[in-house]
Structure formats: structure tokens, C-alpha cells
Amino acid sequence: MDVPALRRRLLAWYGRHRRALPWRGTRDPYRIWVSEVMLQQTQVAAVTPYYRAFLARFPTLASLARARAADVLAAWAGLGYYRRARHLHAAARLVVREHGGRVPDRPETFGRLPGVGHYTAGAVLSIAFDHPLPALDGNVARVLARLEALPVTLRDPRGARALQTLAQALVPTRRPGDWNQALMELGATVCVPRAPRCPECPVRRWCRASALGRPEAFPPATARRAPVRVRRAVALIERRGRLLVVRREGPLLAGLWEPPGVELGDGAPAGAALRAALADLGVRATLAPTGESVRHAITHRRIEAEVWRAADATVPRSARLRWVDPARPGVALTALAKKVARLGATVRR
Ligand code: SF4
């Protein structure tokens, strides 16, 4: 492969075809960092309004470091994968505390910050500081697997190593940030998972998968994790237009707020389980089924939550409980909470 020619070609294409995205054209490492964290597991179109709003709220790393965790989560609400926000917030505080508020430009220092893996380090340091590091995300891995017709994916460790080696060999010392973004852009707009647009691809002449006539065979498909069905019961407890929510604890969505609820075993009676869960929070109420349920998915979990209305509720003062206006909650609600609130408005009518 004529690597210098391939680089020239792809960079020239990027110069002509790159989309005007709000995080492009800046060398501010904080802004690039925010965009890269948001773009993990979330599409560009969904990220754009959140990125603008987040930076309007926290325009500098120092302002993010000063913010309360609840405010950071509230600004993130709707983007999902909240661990990203918690890590970003913790990392900003660490940068202020240990690095004088300046984003470290050395890979070994930046790479040790919470939530910063190989991808984020490569993307931020190459774009902001011209470090010749690859940024290997799903889009880039697909392009590279096709270029070399490698039957591997990022999911298996040997495949990941092979792709990382190839990515490192290709990244140039001049304009490494543009190079990484060009590969990402090609993967997002031309070398797409299904029906890649090879005839308009700038690097087609070097692409082995295209020469073999079956670009879609690379990377090989991987088995999806089977969905798990989860039954829940949740309590709709309202007072003067406000909804009672509880702060979640545990591995999933910790720190977010939603109506009190409980996971149900197979065939478990929902009313008794929900009453017990409310009692654990010190809440007493008369429960009645609404006959409605809301559906929701988190990663591979498919949740169906039966909604019970609670009347005559006695609610103690507790840091874990809060009455919120669902339209302006002031805390980060889970998507399930929003669905329950909407349902509450419907069943009231
Ligand atoms: Fe992808 Fe086709 Fe370009 Fe190869 S030629 S990199 S398969 S779009």
C-alpha cells in the first residue's frame, strides 16, 4: 500500500467533504474532549444540541470542575450512558486539582484520567496537540478492516490489537488530528456499515475488501447480546402537579432520579413488592394499578414497568427523595421517569 499517497488522498477529500460540526475548527482540548465523550455511543445529530447546551452551561473546564454533580447529570440528561458524564466531571476536578486547570498534553498523564481510554486519548491529543496517536472507534475500525480485508473486530482482543497496530502505522506525524477525523468522517458518511458507497470513496484504489467485491463482509458480523426481559412496578405519586422521585443507586444510572419502583421476579405480585419497596424508603401509601405500563430499554435490558397510582401518601424528608415538576425537574430524570410522568398526565385527564 502506498501509504503517503493514501494519506494525501484522504486528507484532500476530508478538506472538501467534511461536515461543519460545532466541535470542528477548535483546538481547545476541553471542547474537543467534551465532544469526543458525547460522541461515544451517540450519533452526531443527537449530540449537537447537547454539546452546545453543555458548553453554554460549562464553558470552561474550571466551570465544569466547580459544578455540582447533580447539575452535570441534569445537563447530560437525555444523552444516556451517564457514566461518561460522571467520569468527565471527576476528570475535570482532577485536572484543576493536580494540573493547574490545564488539560495534560502528555499521553501517559491524560490517559490516566477517569474515563479516558485509548480512543479518547488519541482523539483529543491528536486534534488539540498534534500527537501522532490513532483514534480507533467503531467507524475507523470498519474502514481499516475493509482497507486490509481483515476478518477481525474491535470486540476480540487479537482483532483489536491488529487494528490498533494498523491504525498506529497509518497515522501521520503531520496533521494527525485531521487524519483521525478524516477516517472517522469516511466511516460515518461513505464507508458505512451497510451498502458502503465504494464508487465515491477516495481510497478505493487501496481497498482490498472492495477489490474482493464484498466490502460488507468486513468486519465480520458479531453475535448480539440476547435481550433480557425485565418486569418492574413503579409508583406514580403526585402532589400538586409534582412527582415523587428517588435517586437511583447501584451500577446502572446511579445518581439519576425516577419514581420509586421495584424489579419483579417471574410471577411475583406487583402490589406487595411495590408496597415493600416504598416501605424501605419510609413511604406509606394506598396503591392501585392504573392498568397501564411503560416500556423502556437500557443496553440489552427490555423493561416493562407496570404503573401503580398511590393515594394518601406519607413521604418522609430524605436526601434520596424529591418532589419535582416533570417539565422542569432541576435534576436528571431517567427516560423511564419521563415516560411515567407523561403517562401520569394522560391517566389524570
Ligand atoms: Fe469502504 Fe468501499 Fe472505501 Fe473500501 S472502497 S474503504 S469498503 S467505502
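Trainee: What classes of residue make up the lining of the second largest pocket?

Mentor: The lining has 17 nonpolar, 11 polar and 6 charged residues. Ala, Val, Leu, Ile, Met, Phe, Trp, Tyr, Cys and Pro count as nonpolar, Asp, Glu, Lys and Arg as charged, and the others, Gly among them, as polar. The model is predicted: local features need pLDDT of at least 70, side-chain atom pairs need 80 or more, and totals for chains, interfaces and linings use all residues. Residues are numbered from 1 along each chain as its sequence is written, and side-chain values use heavy atoms, without hydrogens and water.

Trainee: What makes a space a pocket and not a cavity?

Mentor: The search uses a 1 Å grid over the protein atoms alone. In a cavity, a 1.4 Å probe fits but cannot get out. A pocket is an open set with protein on both sides within 12 Å along at least five of seven lines. Lining residues have an atom within 4 Å of a point.

Trainee: Which residues lie nearest the centre of the second largest pocket?

Mentor: Gly-80, Tyr-81, Tyr-82, Leu-253 and Thr-299, out of 34 lining residues. Helix 6 gives the most, with 5 residues. Helices (H or I, at least four residues) and strands (E, at least two) are DSSP runs, numbered from the N terminus.

Trainee: What is the volume of the largest pocket?

Mentor: About 2,100 Å³. The volume is the space filled by probe spheres set on the grid points, which are joined across faces, edges and corners. Of its 41 lining residues, Asp-137, Gly-138, Asn-139, Arg-142 and Arg-155 are the closest to the centre. Helix 2, helix 9 (138-147) and helix 11 (176-189) each give two or more residues to this lining. By class, the lining divides into 19 nonpolar, 10 polar and 12 charged.

Trainee: Which residues surround the ligand?

Mentor: Arg-146, Cys-191, Cys-198, Cys-201, Arg-204, Cys-207, Ser-210 and Pro-215. A residue is near a molecule if one of its heavy atoms lies within 4 Å of it. This shell has 5 nonpolar, 1 polar and 2 charged residues. The space taken by the ligand is the largest cavity. A molecule sits in a cavity if more than half of its atoms lie within 2 Å of its grid points.

Trainee: How many aromatic pairs are there in the whole structure?

Mentor: The search finds 4. Rings of Phe, Tyr and Trp (its six-membered ring) pair if their centres lie within 6.5 Å. Planes under 30 degrees apart are stacked, over 60 edge-to-face, and the rest tilted.

Trainee: Why is the pair of Trp-23 and Tyr-51 called edge-to-face?

Mentor: The centres are 5.2 Å apart and the planes stand at 80 degrees, so the pair is edge-to-face. Trp-23 is in the loop between helix 1 (3-17) and helix 2 (29-39), and Tyr-51 is in helix 3 (residues 44-57), 28 residues apart.

Trainee: Why does Trp-23 count as buried?

Mentor: Buried means under 20% relative accessible area, exposed over 50%, partly exposed in between (1.4 Å probe, protein chains only). Trp-23 has 7% relative accessibility, so Trp-23 counts as buried. Tyr-51 has 3%, so Tyr-51 is buried too.

Trainee: What makes the pair of Phe-54 and Trp-76 edge-to-face?

Mentor: The ring centres are 5.7 Å apart and the planes are at 85 degrees, so the pair is edge-to-face. Phe-54 is in helix 3 and Trp-76 in helix 5 (residues 69-76), 22 residues apart. Phe-54 is buried at 1% relative accessibility, and Trp-76 is buried at 0%. Ring pairs link Phe-54, Phe-58 and Trp-76 into a cluster.
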